[in-house]
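This report describes one protein chain for a reader who has not seen it before. The sequence and the model come next, followed by notes on selected parts.

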Amino acid sequence: MQITMTVNDHEYTRDVEPRMLLIHFLRDELGLTGSHWGCDTSNCGMCVVWLDAVPVKSCTVLAAMANGRQVRTVEGLESDGQLDPVQEGFMACHGLQCGFCTPGMMMTARWLLDHNPDPSEQEIREAISGQVCRCTGYVNIVRAIRWAAEHPAALPASSANSDSAASSASEEVSA
Ligand code: FES
Ligand code: FES
C-alpha cells in the first residue's frame with residue numbers, strides 16, 4: 001500500500017507492507033535512525049516520536065496509521081543548526097551514558113516543556129515514567145529537563161557544554 005506522511009517537515013511517499021511498524025518505516029525506509037527500537041512490546045519507550053504533536057511509542061503504531069499525518073523525530077528537534085534547549089540540557093547535565101534511551105527521552109521532554117514550561121521534578125518523573133533508562137538512574141535526565149526549562153532559548157553548543165553550565169544546573173535542581 002502507498003502511504004504519505006510528513007516527517008520533520010518533509011513529505012515522504014512510500015509503498016509499504018500494511019503490517020510495517022512506524023519505527024521500522026522511520027529507520028529502514030527513511031534512514032532516520034535517531035529513533036531506537038528496543039523491546040518491541042511497548043515497554044521501554046526507546047521508540048518515542050511525535051504523531052500529530054503527541055508522543056507515541058512508534059513500535060505500537062503501524063506506518064499506515066500515520067498516513068496523512070505529521071511525525072517528528074529527534075532529528076527534527078534542532079532548527080537551522082541550533083540544538084533544542086532539551087538537547088543542550090542533556091549535554092550540559094550529562095543526561096546520557098550509552099544514549100540508547102536518549103532520543104525518546106528528548107521527545108517526551110520537549111512535549112512536556114511545550115505544555116508545562118516549569119515542571120517540578122515529580123512532574124518530570126511522571127512524564128518519563130513510561131520510558132526506561134538502564135544507565136543513568138534518571139537523576140541527570142531530570143536535571144537535563146529542568147535545565148531546559150530554565151534555559152528556554154537555545155545556547156551555543158560550546159556554552160551549554162561548559163562545566164559552568166553543568167554546575168549551574170546542579171545547583172538549580174535537587175537530585
Ligand atoms: S521499542 Fe517501542 S516501547 Fe520498546
Ligand atoms: S543512557 Fe543508556 S539507557 Fe539511558
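## Helix H3 and the sheet

In this predicted model, helix H3 lies across strands S3 and S4 and runs at about 40 degrees to S3.

The sheet is open and is formed by five strands in the order S2-S1-S5-S3-S4, with mixed pairing. Its edge strands are S2 (10-15) and S4 (54-57), each of which pairs on one side only. From one strand to the next, the twist averages 40 degrees. S1 and S2 run antiparallel and are joined by six bridges. Met5 stands opposite Tyr12 of S2.

## Helix H1

Helix H1 covers residues 22-29, and its buried residues include Leu22, Ile23, Phe25 and Leu26. Viewed down the axis of H1, the buried residues fall within an arc of 165 degrees, so they line one face of the helix. These buried residues pack against strand S1 (2-7) and strand S3 (48-51). Just after H1, Gly31 takes a positive phi of about 75 degrees.

## The nonpolar core

The largest nonpolar core has 45 residues, and those with the most contacts inside it are Val86, Met106, Ala109, Ile145 and Ala148. Elements giving two or more residues to this core include S1, H1, S3 and helix H2 (85-92). Helix H5 gives the most, with seven residues. Domain 1 (2-76) and domain 2 (85-174) both give residues to this core, so it lies between them.

Leaving out residues up to four places away in sequence, Val86 touches Leu77, Met106, Ala109, Arg110, Leu113, Ile145 and Ala148.

Definitions and conventions:
Residues are numbered from 1 along each chain as its sequence is written. Chains are lettered from A and ligands numbered from 1 in the order in which they are written. This is a predicted model: local features need pLDDT of at least 70, side-chain atom pairs count only at pLDDT 80 or more; totals for chains, interfaces and linings use all residues. A residue is buried if 20 or more other C-beta atoms lie within 10 Å of its own, exposed if 12 or fewer, and partly exposed in between; C-beta atoms are placed from the backbone. Helices (H or I, at least four residues) and strands (E, at least two) are DSSP runs, numbered from the N terminus. The arc is that of the directions from the helix axis to the C-beta atoms. Two residues are in contact if their C-beta atoms, placed from the backbone, lie within 7 Å. A nonpolar core is a set of buried Ala, Val, Leu, Ile, Met, Phe, Trp, Tyr and Cys residues joined through C-beta atoms within 7 Å. Domain bounds come from an automatic or database domain assignment. Two strands pair if DSSP finds at least two bridges between them. Axes are lines fitted to C-alpha atoms, for helices over the stretch in contact, and angles run from 0 to 180 degrees between N-to-C directions.
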